[in-house]
Amino acid sequence: MKWEPIWNITHRYLYCRCVLRRSTPSSLCPEITILINHRCPRHSRKVATHADYGDVDYHQDPYFDQFGGYNAFRAMVYSIFPDMYDKALGGYAFIPEKELRGVLDDSISAIDRLGETFEDAVHEYMYDVFEDADRMGIPLPDYALEIIRVSREQTQESKMQDSLVHPDAFKDFLECPMMQEVEDILHGRWSRKRHWAVANC
Ligand SMILES: [Zn+2]
């Protein structure tokens, strides 16, 4: 069995949500996001030189609509996770100093505009970050553990519908060309030029 990219499957870096890989440049189908905790070549204190799909204008990226736009997303990260902004995302590499004021203003207008949608998106972002930290054995404060617990309960309820998926499907998924390409990107064995050459065959 082979997995073909018939959906808009997009791999994004966990913290900054830059695009690591995407199966199609089309934004016509809703995106299925897979998060990867790895160094982003644009937003990292450590050296990360691998090529990826991240050189896009995130202000035009529909993924950030749930946060009210890319500026509101960045402001959310800056406000809720200041340590992550400073240490993991390169500080001004994530929000340049001269943009900071405008970015924070956009966040306030997004909260007013989106209300609950914004809150849900922020809650999900926090869950993704905390859950990853928890899996890595990093001690978390009580409120973070509570976010994980509540979200896991909700996921458990929706999992009832997925129980008909054959267990082998997950193994096939990890071995599919898409996931192998993600590995190639992260290990520097990939370039955009090569990708398009393959895609055009
Ligand atoms: Zn990034």
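This is a predicted model: local features need pLDDT of at least 70, side-chain atom pairs count only at pLDDT 80 or more; totals for chains, interfaces and linings use all residues.
Arg17 is buried, because 25 other C-beta atoms lie within 10 Å, and a residue counts as buried at 20 or more. Arg17 sits in the loop between strand E1 (8–13) and strand E2 (19–22).

- The phi of Arg17 is positive, near 65°, in a residue other than glycine.
- For background, most residues other than glycine have a negative phi.

**The protein as a whole**
- The protein contains eight helices and three strands.
- Starting at the N terminus, the order of elements is β-β-β-α-α-α-α-α-α-α-α.
- The protein has 201 residues, of which 20% count as buried.
- Among contacts with a separation of 6 or more, 56% are between residues 24 or more positions apart.

- Which residues of H3 are buried? They are Val103, Asp106, Ser107 and Ala110.
- Looking down the axis of H3, you will find these buried residues within an arc of 110°, so they line one face of the helix.
- Arg101, Ile108 and Asp112 are exposed, and they lie on the face of H3 turned away from its buried side.

**What H3 packs against**
- Helix H1 (70–80) and helix H4 (116–135) are the elements that the buried residues of H3 pack against.
- How do we describe such a pair? Two packed helices are described by the angle between their axes and the distance between the axes.
- For H1 and H3, the axes come within 7 Å and cross at roughly 100°.
- H1 and H3 are therefore roughly perpendicular to each other.
- On the H1 side, the contact is made by Asn71, Ala72, Arg74, Ala75 and Met76.
- On the H3 side, the contact is made by Gly102, Val103, Leu104, Asp106, Ser107 and Ala110.
- Sorted by class, the contact of H1 with H3 comprises six nonpolar, three polar and two charged residues.

Key. Residues are numbered from 1 along each chain as its sequence is written. A residue is buried if 20 or more other C-beta atoms lie within 10 Å of its own, exposed if 12 or fewer, and partly exposed in between; C-beta atoms are placed from the backbone. Helices (H or I, at least four residues) and strands (E, at least two) are DSSP runs, numbered from the N terminus. The arc is that of the directions from the helix axis to the C-beta atoms. Two residues are in contact if their C-beta atoms, placed from the backbone, lie within 7 Å. Axes are lines fitted to C-alpha atoms, for helices over the stretch in contact, and angles run from 0 to 180 degrees between N-to-C directions. Angles under 35 degrees count as roughly parallel, over 145 as roughly antiparallel, 65 to 115 as roughly perpendicular and the rest as oblique. Ala, Val, Leu, Ile, Met, Phe, Trp, Tyr, Cys and Pro count as nonpolar, Asp, Glu, Lys and Arg as charged, and the others, Gly among them, as polar.
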